[in-house]
Amino acid sequence: MTIRSRVKKRIISVAVAALMISTLSGVTMDIWATTIKDVEQAIEDTENQLEEINDNISDLEDEQDLLDEQMEDLNAEIINILTSIDLLEDDIVQKKADIELTSQAYEAALQKEQDQAEAMALQIRFMYETGDDTLMTMLFSNISFSDMLNRVTYAESVNAYNQEMLNQYEATRKEVRDLWDQLEADKASLEADKAEMEEQKDYCDQLMAQLQKQSENFAAQIARARQEAAAAKALLQQEKKQLKKLQEEERRKEEERRRQAALAAAAQNPPKVTNNTNYSSIVDNATGSDKGKQIAKYALQFVGNPYVAGGTSLTNGADCSGFTYRVYQDYGYDISRTSYSQRSAGRGVEYSEAQPGDIICYEGHVALYIGGGKIVHASTQRTGIKVSNANYRPILAVRRII
């Protein structure tokens, strides 16, 4: 894939990602639902939206990673081009220096060729101007014929030497000129290569600028998507808080309905009691809070009702912890269901400070204190709910709920 096509693909990816962000931005987040069902639906919608935003962030980050890799590759290519340009510039400088030296050598060779030509021209002109006089002089002079031949031979050899030197100088000049022309051609080629490299660098710089702009665009989209994700998370927390509040309100309403139903049922079907008046006087004569005494008297209404393992019904049957759990729940207090966990409910007090409504904890058993050293509790399947002495077995703890 070429650089141009990769850039085109990145531009398309940016456009698609931007469209997705815009679409998500337009989704309305409403947390003002008033029913549990509405809030649960709002939570589901927000969770789906948050998942979509996170998926989009992941896609954008993948695209930016690919873009960063492309920018790294392009940057390496630019560095290679710059290195090549530097090397070409060095070669061009060296070629210019070689051309300068070759130019000087050419001028020197040309000068030698011209000097040799001029020297030969002088000799020829001298011989021409002297004409036959020189030959006649040699014929009628006192020199021997042998000397005359030697002089003629010498003159011819001098001319041949001069011609040979002229030919050598001319050949040298042509050789230097050919080298000069070759160096000029090499320099022109290097300059053309440099110009092409500079053009490639300009193109790469343009691509890098486009990729940088895309990278900044991706970064902005990711930042915006993360802000939307943070907003969706905050909204989700608010919706969950609202759901918890509505569920708590519904639970309290249900507890109140059950309590009222239990009170109405107890009023219509009074439980079997034994000496209840005496037990009520015990509660009244004890030291403690009014709320604790109310709870103790309320629990005493169910004396005589059955013990049912795992039960929490004050009329149809309850076990020991189910009995204390239901009594307190009917008064709007939420305590743990088991006898073991009720041993940690509320705050601990000494048995000597026990008041009506306190929970008396035994090994594997719990009861409600009514005062005067007495408890009301779901005892056994044989005896059901009854009143007993508080110290009928070792006391492990006393817990005050109110």
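**Walking through the model**

Start with Ile-78, which sits in helix H2, residues 36–140. A caution before going further: this is a predicted model.

Is Ile-78 buried or exposed? Its relative accessibility is 8%, so Ile-78 counts as buried. The cut-off for buried is under 20%. What does Ile-78 touch, once residues up to four places away in sequence are set aside? The partners are Cys-204, Asp-205 and Met-208. Take Cys-204. Ile-78 and Cys-204 are 126 residues apart along the chain, yet their C-alpha atoms are separated by 6.6 Å.

Glu-198 belongs to helix H3, residues 145–268. Glu-198 has 34% relative accessibility, so this residue counts as partly exposed. Look across to Ser-84. Glu-198 and Ser-84 are 114 residues apart in sequence. C-alpha to C-alpha, the distance between Glu-198 and Ser-84 is 9.7 Å.

Now the whole chain. How many helices and strands are there? The protein chain has seven helices and eight strands. It runs to 402 residues, and buried residues make up 34% of them. The accessible surface comes to about 23900 Å². Carbon and sulfur atoms account for 51% of that surface. Next, contact range. Take the contacts between residues at least 6 apart in sequence: 72% of them join residues at least 24 apart.

On to a helix pair. Two packed helices are described by the angle between their axes and the distance between the axes. Here the pair is H5, residues 290–300, and H6, residues 320–330. Their axes come within 10 Å and cross at roughly 125°. That angle makes H5 oblique to H6. What is the handedness of the crossing as H5 passes H6? The crossing is right-handed.

Which residues meet there? H5 brings Ile-295, Tyr-298 and Ala-299. H6 brings Phe-323, Val-327, Tyr-328 and Asp-330. By class, the residues of this contact divide into six nonpolar, no polar and one charged.

Keep H6 on screen. Why is H6 described as largely enclosed by the rest of the structure? Because 11 of the 11 residues of H6 are buried. The buried set in H6 includes Arg-326, Gln-329 and Asp-330. Cys-320, Gly-322 and Tyr-325 are also among the buried residues of H6. Now step past the end of the helix. Just after H6, Gly-332 takes a positive phi of about 85°.

Ser-379 is at 16% relative accessibility, so Ser-379 counts as buried. Set aside the neighbours within four places in sequence. Ser-379 is then in contact with Tyr-307, His-365, Gly-384 and Lys-386. There is also a distance to note. Ser-379 and Asp-319 are 60 residues apart in sequence, and 7.6 Å apart in space, C-alpha to C-alpha.

The other stop is Arg-347. Where does Arg-347 sit? Its place is in strand E3, residues 347–349. With a relative accessible area of 47%, Arg-347 is partly exposed. Leaving aside neighbours within four places in sequence, Arg-347 is in contact with Val-398, Arg-399 and Arg-400. Pick out Arg-400 from that list.

To recap the helix pair: H5 crosses H6 at roughly 125°, and H6 has 11 of its 11 residues buried. That's the tour.

Key
Residues numbered from 1 in each chain as written. Predicted model: local features only at pLDDT ≥ 70, side-chain atom pairs only at ≥ 80, totals over all residues. Heavy atoms only, no water. Axes fitted to C-alpha atoms, helices over the stretch in contact; angles between N-to-C directions. Helix = DSSP H or I, 4+ residues; strand = E, 2+ residues; numbered from the N terminus. Parallel < 35°, antiparallel > 145°, perpendicular 65-115°, else oblique. Left-handed = near helix turned anticlockwise from the far one by under 90°. Contact = heavy atoms within 4.5 Å. Nonpolar A, V, L, I, M, F, W, Y, C, P; charged D, E, K, R; others polar. Buried < 20%, exposed > 50% of the residue type's maximum accessible area, 1.4 Å probe, protein only. Areas by Shrake-Rupley, 256 points an atom, 1.4 Å probe, with all protein chains shown as cover.
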